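Open the model in your viewer and keep the sequence beside it. The tour starts at one side-chain pair and widens from there.

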Amino acid sequence: MTATPAPGTAAAPGTAPAGSAAPAAAGSYRALVCHRLSDDLSGVEMRSLPARAPGPRQVLVRLRAASVNFPDLLMTKGLYQFRPELPFVPGLEGAGVVEAVGSEGTRLSGGGRRLAHNKTGRFPQQILLPDTAVRRIPGGLDFAQAAAFQAAAVTAYVALVRRGNLAAGETLLVHGASGGVGMATVQLGRHLGARVIATGTSDEKLAVVREQGAHEVIDLRRENMRERVKELTGGAGADVIFDPVGGDVFDESLRCIAWDGRLLVIGFASGRIPSVSANIPLIKGFSVVGVRAGE
């Protein structure tokens, strides 16, 4: 997951006085628009859209940064479970400044630093939102950091706490650990008191993952994951496995999960959606748990 400045937003936007009516919209703004589904992003282009003023209980946010998540790419291909109607502006999350506010008791004022998260719509220069759809940026984060942490952190929390019931002292195996969601999961797992084992395919990235809290790392290019996990856990296997990769990684996870373990299905970055015979979790006493953080 990469945070990138929103196009054309280098200059600081203006602000509206608290409680004032919004100024009339003028001109246009640019947005990244998906007008046709495609495998190579050929159906995505920059377009000019007409500017609008915020209505009652709306705010106009001038975006300063937006982050690119894997679901954004899948939506432009028509491969995500949520399929917006064409044309649409992609983008799960962004951060910026409130440039204007609507009427009728909005709780916000102009000039505030805000972050916004939704299934789509975060790749324009500006965006109209209900005043309840934006939140204050925590003081220690810049715009790029604020734009990039929401989807990753929420996914990690829902996976480990709500779905995985991760307990202190358990072993957590995190696949795709060097990505945004994987890194957040490593950090949260460490915070929750788990022993964290992280997998990846880059020495440089695995070094960063270790710095961020992983107790052990496994290089999938050179090490046998099943054997290494068994070695690190004294033969018991991992109690919770976080898998956004799927494919061969999922298949190998079936062979190194502990009794009463929870195999969390996050996604299929490898491109192959795996399957499991029902007798395997029956005999080995583990659960395969789906994670839908967006809901």
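This is a predicted model: local features need pLDDT of at least 70, side-chain atom pairs count only at pLDDT 80 or more; totals for chains, interfaces and linings use all residues.

Select Asp219 and Arg221: their side chains are joined by a polar contact of 2.6 Å. A polar contact is a pair of N or O atoms within 3.5 Å; within protein, one must be able to donate a hydrogen and the other to accept it, and residues adjacent in sequence count only if both atoms are side-chain atoms.

Residues are numbered from 1 along each chain as its sequence is written, and side-chain values use heavy atoms, with hydrogens and water left out.

Stay on Asp219. Asp219 counts as buried because its relative accessibility is 5% (buried means under 20% relative accessible area, with a 1.4 Å probe and protein chains only). Next, show Gly200, Thr201, Asp203 and Leu206: Asp219 is in contact with these, leaving aside its neighbours within four places in sequence (contact means heavy atoms within 4.5 Å).

Asp219 lies in strand β11 (strands are DSSP runs of E, at least two residues; helices are runs of H or I, at least four). Now select the whole sheet, which is open and has six strands in the order β11-β10-β9-β12-β13-β14, with parallel pairing (two strands pair if DSSP finds at least two bridges between them). Its edge strands, β11 (216–219) and β14 (287–290), each pair on one side only.

Conventions
Buried means under 20% relative accessible area, exposed over 50%, partly exposed in between (1.4 Å probe, protein chains only).
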